[in-house]
Amino acid sequence: TEIIEAQIAELGIQFFEREFYPVLESTFATALAKRRLSLQRGKHLEGEVIAVIGGSGSGKTTAVNRLLAPHIRRTPTTAEDARLDVAQINSPARASGKDVAIEALDALGYPAAPTRSEGSLRLLLREHLQMRETLLLNIDEAQDLVRFQTTKEQARVVKFLKSLMDDKVWPIDLL
């Protein structure tokens, strides 16, 4: 049984590329290149959204994690590697703009106190996105951002995310 368990464990860590993965990979690479070029040229194009949609258990999170693995790094070890092309968060249990900002700041290596106001957290997040040169924010299980919210709370979260995408100084894309 140890041999069977070892084989099952080995299969569990394998990545089996599905038909949608090359499309996702290409879309992601194009988005990063476009964002990087627009910022280098001083053209602050509004951010775009890459949506990965599929049924439960279809491999969405696994595919995205594989795609982002080379880009995810928590805290810089030197000034040269402070750039963080992609930040990744899980949808917070309470999905307010404030909670998203706290999660994103943590992913950028800057834990923020929940006692701060939503407005100050938004400003802080914008500063850190620019400082780390972050091009894209991945929100795993993003549907949960609006699933259990009132219409007013949903609108606030959407407005907050849109403000990150159309920021005049450092717009980002969302995945």
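Start with the largest pocket, which holds about 510 Å³ of space. On a 1 Å grid over the protein atoms alone, a pocket is an open set of points with protein on both sides within 12 Å along at least five of seven lines, while a cavity is a set of points where a 1.4 Å probe fits but cannot get out; lining residues have an atom within 4 Å of a point. Grid points are joined across faces, edges and corners, and a volume is the space filled by probe spheres set on the points. Rolling a probe the size of a water molecule over the atoms shows where empty space is left.

This is a predicted model, in which local features need pLDDT of at least 70 and side-chain atom pairs count only at pLDDT 80 or more, whereas totals for chains, interfaces and linings use all residues. Residues are numbered from 1 along each chain as its sequence is written, and side-chain values use heavy atoms, with hydrogens and water left out.

**The pocket lining**

Select Ala51, Ile139, Ala142, Gln143 and Leu175: of the 22 lining residues, these lie nearest the centre of the largest pocket. Then colour helix H3 (60–68), strand S2 (136–140), helix H6 (144–147) and helix H7 (151–165), the elements that each give two or more residues to this lining. H7 gives the most, with four residues. Helices (H or I, at least four residues) and strands (E, at least two) are DSSP runs, numbered from the N terminus. By class, the pocket lining has 16 nonpolar, three polar and three charged residues. Here Ala, Val, Leu, Ile, Met, Phe, Trp, Tyr, Cys and Pro count as nonpolar, Asp, Glu, Lys and Arg as charged, and the others, Gly among them, as polar.

**The cavity**

Next, select Ala31, Lys34, Arg35, Ser38, Leu45, Glu46, Glu48 and Asp173, which line the largest cavity. About 40 Å³ of space lies in this cavity, and the count of cavities of 30 Å³ or more comes to one. Helix H2 (residues 21–40) gives the most to the cavity lining, with four residues. By class, that lining has two nonpolar, one polar and five charged residues.

**The sheet**

Now show the strands. Three of them form an open sheet in the order S1-S2-S3, with parallel pairing. The edge strands, each pairing on one side only, are S1 (86–90) and S3 (173–174). Two strands pair if DSSP finds at least two bridges between them. S1 and S2 are paired over five bridges; look for Val86 opposite Leu136 and for Ile89 with its bridge partner Ile139. Two bridges join S2 to S3, and Leu137 stands opposite Leu174 there.

Stay on S2. Five of its five residues are buried, so S2 is largely enclosed by the rest of the structure. Buried means under 20% relative accessible area, exposed over 50%, and partly exposed in between (1.4 Å probe, protein chains only). Leu136, Asn138 and Asp140 point one way from S2, and Leu137 and Ile139 the other way. In a regular strand the side chains alternate between the two faces of the sheet.

**Asp85**

Select Asp85, in the loop between H3 and S1. Asp85 counts as buried because its relative accessibility is 9%. Apart from neighbours within four places in sequence, Asp85 is in contact (heavy atoms within 4.5 Å) with Arg36, His71, Glu133, Thr134, Leu135 and Leu136.

**The whole protein**

Finally, zoom out. The protein has seven helices and three strands, following the pattern α-α-α-β-α-α-β-α-α-β along the sequence. Buried residues make up 36% of its 175 residues.
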